[in-house]
Amino acid sequence: ISLGHGGTIAIDFNSVRIAPAGLACPNTAFELGTQTGPVVQVRNNIFANFSGAQTGAARHYAMVVPGSGVIGPSGTVSNYILLHIGNATNGYPGRAGGVDRATIGDWQAATAGDAGSRSENPEFASSSNLHLSTVMPTPAESQGSMYAGAISWVADDVDGQPRSMSKPDVGADEGPFVRLPWLDLTAQSVDLPPPGGTIAAGVPFTPRATFRNLGGAPLAAVP
């Protein structure tokens with residue numbers, strides 16, 4: 001999906017999956033191409049890019065916007081999006097202001113948006129079936145918003161099934177799916193000592209690691 005100039009545009013409850021292989025150029029699941037054109041409301045979507053590993057200037061993204069500090073023109077909204085990258089080799093959840101954003105936190109800080117967005121795998125049924133898996137836990141389950149009734153025109157999903165008006169699923173598919181665990185703190189990397197690095201015997205140091213909250217509950221001051 002790529003948008004340029006026009007009027008106010010609502011992009012709600014879509015599921016996008018791209019997976020080119022051997023591509024030697026940048027690509028993205030969604031791109032907003034202007035900061036001076038339409039007001040765009042980007043809500044409750046799945047933008048998933050499963051491109052293969054790339055090198056050099058060839059990179060892949062879930063979402064791209066032209067500026068930083070904002071998502072787009074004044075009034076533009078982006079939230080409750082799954083920005084997933086299946087292959088992290090030259091893959092990034094987003095690119096804003098001409099800079100690659102390596103984590104969902106980097107993206108949120110750079111765009112001042114997407115506070116309720118996430119980056120986990122949406123768990124589609126298959127590579128060609130963008131219904132959500134009924135077996136695997138999915139971050140799409142009950143993680144959307146109707147914006148207090150402001151989104152009234154998408155009452156049904158892609159199959160004609162009624163959406164929850166209070167806690168809709170993110171993406172095109174609505175259903176009784178498996179939620180992510182309420183508490184799920186997962187280690188992403190060991191930062192000190194760095195991978196492959198060593199610290200001499202007898203030298204005091206404070207181990208450091210990076211964790212991500214993959215569960216449904218906010219976490220603070222985890223011992």
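Tutor: In this predicted model, the side chain of Glu-141 reaches the backbone nitrogen of Phe-177 at 3.2 Å. Glu-141 itself lies in the loop between α1 (104-111) and β12 (185-192). Phe-177 is also among the residues in contact with Glu-141 once neighbours within four places in sequence are left aside.

Glu-141 is buried, yet it has no salt bridge. The nearest side chain of opposite charge belongs to Arg-179, and it is 5.8 Å away.

Ile-71 is placed in the loop between β7 (60-65) and β8 (77-79). Ile-71 counts as buried because its relative accessibility is 5%, and the cut-off for buried is under 20%. Not counting residues up to four places away in sequence, Ile-71 touches Leu-32, Met-63, Val-65, Thr-76, Ser-78, Trp-107, Thr-111 and Asp-114. Ile-71 and Gln-35 are 36 residues apart along the chain, while their C-alpha atoms are separated by 8.0 Å.

Buried residues also occur in a strand. In β9 (residues 82-85), Leu-82 and His-84 point one way, whereas Leu-83 and Ile-85 point the other way, and all are buried. Strand β6 (residues 46-49) runs parallel to β9 and is joined to it by 4 bridges. Within this pairing, Leu-82 of β9 is the bridge partner of Ile-46.

The protein contains 1 helix and 13 strands. Along the sequence the pattern is β-β-β-β-β-β-β-β-β-β-β-α-β-β. Of the 223 residues in the protein, 40% are buried. Among contacts with a separation of 6 or more, 71% are between residues 24 or more positions apart. The accessible surface of the protein comes to about 11000 Å², and carbon and sulfur atoms account for 56% of it.

Technical notes
Residues numbered from 1 in each chain as written. Predicted model: local features only at pLDDT ≥ 70, side-chain atom pairs only at ≥ 80, totals over all residues. Heavy atoms only, no water. Helix = DSSP H or I, 4+ residues; strand = E, 2+ residues; numbered from the N terminus. Buried < 20%, exposed > 50% of the residue type's maximum accessible area, 1.4 Å probe, protein only. Lys, Arg positive; Asp, Glu negative; His and termini not counted. Salt bridge = Lys/Arg side-chain N within 4 Å of Asp/Glu carboxyl O. Polar contact = N/O pair within 3.5 Å; in protein donor to acceptor, adjacent residues only side chain to side chain. Contact = heavy atoms within 4.5 Å. Pairing = 2+ DSSP bridges. Areas by Shrake-Rupley, 256 points an atom, 1.4 Å probe, with all protein chains shown as cover.
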